[in-house]
Amino acid sequence: MSADGSNRTDQAIEWHLRQNDMDEAAWRSFVDWLEADAENAAAYDAVALDLEHMADHPELFPVDAAEAVPPAERNRARSWLRWGVGAGALALAASLSLVVMPSLPNTTADPYVVTTKPGEQRTIALADGTRVDLNGATRLELDRSNPRTATLAAGEATFHVRHDADKPFLLRSGMLSVKDMGTVFNAEREGYRLDVQVAEGAVLFQPRKDKLTLQAGAAVTARDDTGHVAVSRVNPSHVGGWRTGAVTFAGEPFARVVSVLRRLDGVHVAIEPVLAQRPVTGTIHLTGEASDDVPRLAARVGAIARRKGAEWEIAPR
């Protein structure tokens with residue numbers, strides 16, 4: 001592998017490990033990196049595919065195999081572990097693959113990635129008849145050879161799944177997964193947090209672990225870092241409301257509401273720390289125009305909005 005290729009792979013691994021904890025600025029930098037060179041996206045897809053394979057086959061990586069790796073490689077792998085136990089372990093397995101596994105088993109996987117920028121919405125159709133509506137600042141990883149699986153790396157999407165009892169649709173996100181049981185559902189990944197809301201039918205949350213069935217009108221909020229899982233109720237008609245600009249909140253901190261605005265409007269909004277945890281409840285109607293949406297949002301928490309060039313600032317009155 002050339003020096004450029006090795007460096008590109010290192011960058012891809014670093015971006016992969018950061019996916020669960022990137023802020024808006026990091027996300028924009030990531031999208032810029034992907035779009036700067038087609039080989040960047042190819043390197044990222046290859047890393048994601050390798051790590052997924054290794055996660056599914058831990059038996060291929062015995063603990064004592066690390067002794068066969070040169071010290072420099074072991075040191076670099078250990079440095080990756082600081083990013084987090086789960087992702088770091090996969091990165092270590094990736095470094096070992098060069099020594100332990102001269103070649104991976106044959107696979108028919110044909111991965112590809114669909115991304116949207118902040119403020120951009122997009123609808124895609126999968127080969128199995130499933131439709132996916134993507135909100136802004138979203139990254140969805142797919143496989144042409146298996147349209148019944150998807151990975152939501154970041155952002156938000158509404159899934160209209162064509163039910164197939166023999167081949168259920170499986171959505172992965174971080175360390176969590178959702179299995180379709182014939183449904184329309186919305187999934188949102190932000191940092192370590194995953195929110196799933198069901199509009200029609202039902203889904204099985206964590207099919208290999210919790211086996212929690214969510215019927216229409218049910219919602220779950222789960223975190224990779226703490227393992228916390230909370231179930232709540234939602235109005236099924238409000239699920240995926242971002243598609244029409246009607247977003248409903250139930251006691252959500254204002255900082256999270258602002259992140260939803262950024263995703264929909266593609267505008268950067270800075271808020272004073274004192275406002276970050278102020279709760280917001282109710283439905284907010286967004287037009288997609290920051291000049292209308294930002295002042296209206298600020299008013300919901302008794303604050304004022306100021307425009308600074310292309311950016312906005314929300315502060316207490």
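Is R296 buried, partly exposed or exposed? R296 is partly exposed, with a relative accessible area of 36%; on this scale buried means under 20%, exposed over 50%, and partly exposed in between, computed with a 1.4 Å probe on protein chains only.

## Basis of the description

This is a predicted model, in which local features need pLDDT of at least 70 and side-chain atom pairs count only at pLDDT 80 or more, while totals for chains, interfaces and linings use all residues. Residues are numbered from 1 along each chain as its sequence is written, and side-chain values use heavy atoms, with hydrogens and water left out.

Helices (H or I, at least four residues) and strands (E, at least two) are DSSP runs, numbered from the N terminus.

## Helix α7

Helix α7 spans residues 290-300, and its buried residues are A290, D293, V294, L297 and A298. Seen down the helix axis, these buried residues fall within an arc of 125°, so they line one face of α7; the arc is taken from the directions from the helix axis to the C-beta atoms. Their cover includes α6 (254-265), β13 (269-271), β14 (279-285), β15 (303-308) and β16 (311-316), where contact means heavy atoms within 4.5 Å. Just after α7, G302 takes a positive phi of about 65°.

A salt bridge is here a side-chain nitrogen of Lys or Arg within 4 Å of a carboxyl oxygen of Asp or Glu. D293 counts as buried at 0% relative accessibility, whereas R296 is partly exposed.

## Salt bridges elsewhere

Side chains of opposite charge can pair when their charged atoms come close. The whole structure contains 19 salt bridges. One of them joins D110 and R144, whose closest N and O atoms are 3.6 Å apart. This pair links distant parts of the chain, 34 residues apart: D110 is in the loop between α5 (85-100) and β1 (111-116), and R144 is in the loop between β4 (138-143) and β5 (149-160). D110 is partly exposed, with a relative accessible area of 33%.

Another salt bridge joins D195 and R193, with the closest N and O atoms 2.6 Å apart. D195 is buried at a relative accessible area of 9%, and R193 is buried at 17%. Both residues belong to a network of salt bridges that links E156, E188, E190, R193, D195, E252, R256 and R263.

## Surroundings of E156

E156, a member of that network, is found in strand β5 and is buried, with a relative accessible area of 8%. Leaving aside neighbours within four places in sequence, E156 is in contact with D133, L134, N135, T138, N186, A187, E188, W242 and R263. The side chains of E156 and N186 are joined by a polar contact of 2.9 Å. Such a contact is a pair of N or O atoms within 3.5 Å; within protein, one must be able to donate a hydrogen and the other to accept it, and residues adjacent in sequence count only if both atoms are side-chain atoms.

## Nonpolar cores

In soluble globular proteins, nonpolar side chains tend to be buried together. A nonpolar core is a set of buried Ala, Val, Leu, Ile, Met, Phe, Trp, Tyr and Cys residues joined through side-chain atoms within 4.5 Å. Of the 27 residues in the largest such core, I124, V132, L140, F159, L171, F185 and A187 touch the most other members. The elements that give two or more residues to this core are β3 (131-134), β4, β5, β7 (176-190), β8 (193-205) and β10 (218-223). Its largest share, 5 residues, comes from β8. A second, separate core of 23 residues includes V247, V269, V294 and A303.

## Aromatic pairs

The structure holds 2 aromatic pairs. Rings of Phe, Tyr and Trp (its six-membered ring) pair if their centres lie within 6.5 Å; planes under 30 degrees apart count as stacked, over 60 as edge-to-face and the rest as tilted. The rings of F159 and F169 have centres 5.9 Å apart and planes at 50°, so this pair is tilted. F159 counts as buried at 0% relative accessibility, and F169 counts as buried at 1%.

F159 and F185 form a stacked pair, 5.0 Å centre to centre with 15° between the planes. F159 lies in strand β5 and F185 in strand β7, so the pair ties together parts that are 26 residues apart in sequence. F159, F169 and F185 form one aromatic cluster.
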